[in-house]
Amino acid sequence: MNDNRFYINELNKLFSGRSKKAYVRSFGCQLNVSDGEKIKGLLKQIGYSFTENENEADLIILNTCAVRESAEDRVFGIIGSMKKLKELNPSLIIGVSGCMTAQEHIAEKIKKSYPQVSFVLGTSAINSLPKLLLESVHGTRFSADIAEYDDFSETVEQVRESKFKASVPIMFGCNNFCTYCIVPYVRGRERSRSAEDIISEVTRLVQTGYKEIMLLGQNVNSYGNDLSGGISFPKLLRELDKIDGDFIIRFMSSHPKDASIELIDTIFDCSKVAKSLHLPVQSGSDSVLERMSRRYTAEKYLQIVDYIRNRDSDFSLTTDIIVGFPDESDEEFEATLDLIRYAKYDNIYSFIYSKRSGTKAAEMPDKISDEIKSERMRKLLEVQREISTERYQRFVGKKMRVLVDGISKKRKGFVSGKSSEYIIVEFEGDSSLIGQFADVEIIESMNWAVIGKKI
Ligand code: SAH
Ligand code: SF4
Ligand code: F3S
């Protein structure tokens with residue numbers, strides 16, 4: 001535990017009466033966004049208010065993602081462009097946090113090549129922010145804390161973006177070391193929060209009006225493996241389902257090697273748990289899955305899909321696919337197309353493989369050209385578009401319960417929201433509906449959304 005009370009008090013004394021503005025920008029997955037909300041929580045205790053405009057900020061924090069090279073390049077571009085801001089306002093403090101900083105060579109590069117940056121903060125060192133900030137305010141040229149800590153910043157109240165959708169991390173880190181993936185290197189080993197802490201946080205959120213609770217972990221199916229008392233993810237879901245109130249529970253991600261029949265049964269049994277499952281398959285080829293070290297075969301994966309479809313053929317599935325893993329052959333890629341045709345996902349999230357230094361796959365030979373990879377991506381998206389178009393038709397004539405999350409960007413006078421199946425639903429309505437559930441009858445389907453009428 002690193003005690004930050006002292007540093008918060010010192011900063012409070014220093015800033016007293018003067019309003020300070022912070023610009024905090026998070027990249028990457030929802031876990032990182034949730035960390036960004038914790039960073040904001042600490043900054044609020046220090047006395048900062050928040051701005052969306054970096055030009056008026058006294059403090060800028062870039063909370064970064066390292067999952068693909070493009071994500072890192074983008075952040076380096078942004079840090080570079082902030083040199084001008086620092087020249088115009090020398091008292092501006094710029095900090096970099098998140099997954100990029102947990103790689104030592106990146107922290108070194110930031111220190112050496114980007115003098116406009118005052119500190120870097122590792123993924124589990126959020127509680128060190130007040131200390132680093134105080135050092136920067138006192139003029140220290142560069143500070144860093146990228147050590148791994150076990151404490152979960154339980155006492156930090158997140159400053160949440162949304163008043164009705166809340167992310168709740170249930171565990172941190174990953175033990176799986178899929179060969180392409182940087183996450184285990186930048187997020188450390190799996191650490192589960194206690195069920196009591198999670199249940200009391202969700203209860204509080206529901207009591208204050210939150211309607212959607214998104215449980216987060218790199219592999220929620222191994223939740224509790226490091227805790228005593230026999231708690232597991234399905235058991236946690238059953239406990240959360242008992243909390244009073246009108247709300248929906250979602251979760252991600254779920255590693256197929258650990259997705260159990262008990263998990264699927266729990267989803268069907270619990271009325272508050274969303275009827276959709278994100279089950280990242282990555283590839284439909286056993287040889288690629290083996291090289292990725294995913295520890296399941298396409299057949300084993302499809303057994304889970306079959307079990308779900310036998311219970312409800314309309315059940316909504318989504319997945320992640322990596323295209324162009326090192327030396328992926330035409331046959332291996334075709335196996336992925338076969339798998340997505342069989343699994344009939346509502347949506348897929350697909351990525352061209354990106355080499356991450358330090359991972360095992362980065363050492364694997366790869367003769368496949370960028371052109372072939374792009375062509376495969378195009379083909380994958382084309383096949384999925386057809387599947388989505390066909391699958392979305394099953395909703396026409398049905399009723400869906402929708403949590404409205406905004407105004408439609410495509411249709412004037414319409415609002416947009418998500419159904420239990422995680423399908424985008426648009427219908428006529430105004431902003432007063434945002435943050436509310438609405439019952440909607442579906443009258444038309446497309447391949448990215450369905451259109452309905454409020455009942
Ligand atoms: N823990 C989650 C994944 C988090 S990363 C899970 O296992 O499901 C989100 C997605 O990014 C992964 O599912 C994968 O499809 C993609 N991804 C991860 N590393 C990648 C890389 N090196 N190149 C391309 N895509 C990658
Ligand atoms: Fe990465 Fe695999 Fe862990 Fe997901 S399960 S975060 S893909 S190593
Ligand atoms: Fe990116 Fe880190 Fe998430 S690498 S995807 S922000 S865990």
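Mentor: Ser 293 is placed in the loop between α11 and α12. Helices (DSSP runs of H or I, at least four residues) and strands (DSSP runs of E, at least two) are numbered from the N terminus. This is a predicted model, in which local features need pLDDT of at least 70 and side-chain atom pairs count only at pLDDT 80 or more, while totals for chains, interfaces and linings use all residues. Residues are numbered from 1 along each chain as its sequence is written, chains are lettered from A and ligands numbered from 1 in the order in which they are written, and side-chain values use heavy atoms, with hydrogens and water left out.

Ser 293 is not a glycine, yet its phi is positive, at about 60 degrees. Its relative accessible area is 25%, so Ser 293 is partly exposed; buried means under 20%, exposed over 50%, and partly exposed in between (1.4 Å probe, protein chains only).

Gln 282 also has a positive phi, near 70 degrees, and is a residue other than glycine. Gln 282 sits in the loop between β12 (276-278) and α11 (286-292). With a relative accessible area of 7%, Gln 282 is buried.

Another backbone detail concerns a peptide bond. Met 252 and Ser 253 are joined by a cis peptide bond, with omega about -5 degrees. Ser 253 belongs to the loop between β11 (248-252) and α10.

Helices α10 and α12 come up again in a charged pair. In this salt bridge the side chains of Arg 311 and Asp 265 meet at 2.8 Å, N to O. Arg 311 lies in helix α12 (residues 298-311) and Asp 265 in helix α10 (residues 261-269), so the pair ties together parts that are 46 residues apart in sequence. The term salt bridge stands for a side-chain nitrogen of Lys or Arg within 4 Å of a carboxyl oxygen of Asp or Glu. Arg 311 is partly exposed, at a relative accessible area of 41%. By this rule the count comes to 31 salt bridges.

Asp 346 and Arg 394 also meet through their side chains in a salt bridge, again with a distance of 2.8 Å, N to O. Asp 346 is in the loop between α13 (330-343) and β14 (347-352), and Arg 394 is in the loop between α14 (370-392) and β15 (399-407), so this pair ties together parts that are 48 residues apart in sequence. Both Asp 346 and Arg 394 are buried.

Leaving aside residues within four places in sequence, Gln 384 is in contact (heavy atoms within 4.5 Å) with Ile 340, Tyr 345, Asp 346, Asn 347 and Ile 348. The relative accessible area of Gln 384 is 5%, so this residue is buried.

In the salt bridge of Asp 366 with Lys 373, the closest N and O atoms are 2.6 Å apart. Asp 366 is partly exposed, with 32% relative accessibility, whereas Lys 373 is buried, with 6%. Glu 37, Arg 160, Arg 193 and Glu 201 are linked in a network of salt bridges.

Next come the ligands, where a residue is near if one of its heavy atoms lies within 4 Å. Around ligand 2 are Cys 174, Asn 176, Phe 177, Cys 178, Tyr 180, Cys 181, Val 183, Pro 184, Gln 218, His 255 and Arg 294. This shell has 7 nonpolar, 3 polar and 1 charged residues; Ala, Val, Leu, Ile, Met, Phe, Trp, Tyr, Cys and Pro count as nonpolar, Asp, Glu, Lys and Arg as charged, and the others, Gly among them, as polar. Ligand 3 is surrounded by Cys 29, Asn 32, Cys 65, Ala 66, Val 67, Cys 99, Arg 187 and Gln 218. By class, its shell has 5 nonpolar, 2 polar and 1 charged residues.

Leu 11 is buried, with 0% relative accessibility. Not counting residues up to four places away in sequence, Leu 11 touches Ile 46, Pro 130, Leu 133, Leu 134 and Val 137. From C-alpha to C-alpha, Leu 11 and Leu 133 are 8.3 Å apart in space, while in sequence they are 122 residues apart.
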